[in-house]
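Dear colleague,

Please find the structure below, handed over for your own work. My findings follow directly after it.

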Amino acid sequence: MNLRDLVFTLVILGLLPVVWRRPFIGVLTFSWLAYMRPQDLTWGFARQQRWSFLIAAVTVAGYIASGKARSYLPTLRSHAMVLLAVVVGISALVGSPHDNEFHNRAQFNRYVEFVKIIGVALFTTAVLVRTGQLRVLMWVIALSFGFYAVKVGLVGVLTFGAGEVLQGPGGMLEDNNAFSLALCMGLPLLLEIGRSEKSKVLRRGVFLMIPLSILTIIMTRSRGGFLSLAAVVAVMVWRSRNRTLAIAMAGVLGVTALLVVPDEYIDRIKSIRDYEEDGSAMGRIAAWKTAVNMATAKPLFGVGMNMFQRNYRQYASGAEHESIRVAHNAYLQVWAEYGSIALCLYLFLIGATFWSLWRLRREARRHYYTSWIINYATMFETTLVAFVTGSTFLNRADFDLFYHLVAIVIAFEAIAWREMASYAPRTVPGLSADLVPHQRRGFDRLPRRGGFRPVPGRS
């Protein structure tokens, strides 16, 4: 037993009575374990333990035992996540191989993990009820990714970007492509918490993580990560207050990047255009065709959870010697393994979340010139765009952060709509409510505690 394992274990054991009594602390701890993966920084027995499952179990048990438990927020998206878990379970049963006990056990374990992901997401909607809680959760998630941005990015600075990240920290971030996707999703979070933080030291520290995150994404050499990064920049530019200035700055940063990034990275990005000459790209296209063959052959519940590679040869559209691959596309993976019902639910989660964010942002702009609600709606929109773009090229149907993001947006909407519903402009004798300075522009509604920094309104 080494000291690092001992300290980490004592921290987790010390948190157990806390999460029992304070379920929101349990959500924060679970997020820390899922996204920063501190257990992967240990070297001994602590590395192999299922700490996140332990925290989740104790948190939920304590919440139920408190007698104050309430169900998850009953929205269409919440119900869709529950139904998706059921459909995936049916798919796992239908597609279970009868001749391979080891594969059945692995399939069962994977389904338990999927149910845990959905359960934690729904549980978040039950306990995330205040603006301050939302802000703290965003800090935990953003800084979890920011930690690795600093850890890996500083190495990139010292090696002038020549280093290469072949593997992420572990868990859902173990693959370098998934690692780059998570960092892209973390960029809008870092930007917003840095922009709204009052402390100059903290704000500068967070802003420093942004270029280091970009450098780390480059070091993964992930083409999907590059496309996600480009999508994030595009949305940030489009949603900026001064779009012309933002476009100019993006152009300058783009030219600077071309001058400093390694030539091999540029060549790898160029291979996206010349995909017909790239073996990896052609292999992904072959995998996509195979996924479509599976889905059309078994449209209702697919070939079964975690059964894509086992059935690859049977449905492959290429030569017999074609290599067995994963789907390399989250949507085709859902369709092939879980079936058409699951795909509809999955796409509904994405589309409904976008639509609700746009509706909330539009309504907030009717009340306010500037507000944390508008900023957070843009932040979540950009984060979801990063996932939708990156998952087009990655096998990430059970990506933890996606389902957690959908749930956080559900809770954010409830908080935001409640705040806007409580808004009532004060009246001044002799003046119309429209003429009362700032009252109909939301300046009096800007949070001035908990690290939010008011932003001057537009004239």
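Predicted model: local features only at pLDDT ≥ 70, side-chain atom pairs only at ≥ 80, totals over all residues.

G339, which comes directly after helix α14, has a positive phi, near 100°. Helix α14 itself spans residues 330-338, and eight of its nine residues are buried. The buried set consists of A330, Y331, L332, Q333, V334, A336, E337 and Y338. At the start of α14, the backbone nitrogen of Y331 has a side-chain oxygen of N329 within 2.9 Å.

E337 forms a salt bridge with R110, at 3.8 Å from N to O. This pair joins distant parts of the chain, as R110 belongs to helix α5 (residues 101-127) and E337 to helix α14, 227 residues apart. Both R110 and E337 are buried. R110 has another salt bridge, to D398, with the closest N and O atoms 3.5 Å apart. D398 sits in the loop between α16 (372-390) and α17 (400-421), 288 residues from R110. The two partners fall on opposite sides of the 20% cut-off for burial: R110 counts as buried because its relative accessibility is 17%, whereas D398, at 21%, counts as partly exposed.

The salt bridges come to 11 by the rule applied. Among them is the pair E192 and R195, whose closest N and O atoms are 2.6 Å apart. These two residues lie three apart in helix α7 (residues 176-196), about one turn of the helix. In general, an α-helix has 3.6 residues a turn, so residues three or four places apart point the same way. E192 is buried, as its relative accessible area is 3%, while R195 is partly exposed at 34%.

R37 is located in the loop between α2 (23-35) and α3 (51-65), and it counts as buried because its relative accessibility is 18%. Its side chain makes a polar contact of 2.7 Å with the side chain of D40. Leaving aside residues up to four places away in sequence, R37 touches W32, Y148, P169, G170 and G171.

As for the chain as a whole, it has 17 helices and zero strands. Buried residues account for 52% of its 459 residues. Of the contacts between residues at least 6 apart in sequence, 77% join residues at least 24 apart.

With kind regards

Notes: Residues numbered from 1 in each chain as written. Heavy atoms only, no water. Helix = DSSP H or I, 4+ residues; strand = E, 2+ residues; numbered from the N terminus. Buried < 20%, exposed > 50% of the residue type's maximum accessible area, 1.4 Å probe, protein only. Contact = heavy atoms within 4.5 Å. Polar contact = N/O pair within 3.5 Å; in protein donor to acceptor, adjacent residues only side chain to side chain. Salt bridge = Lys/Arg side-chain N within 4 Å of Asp/Glu carboxyl O.
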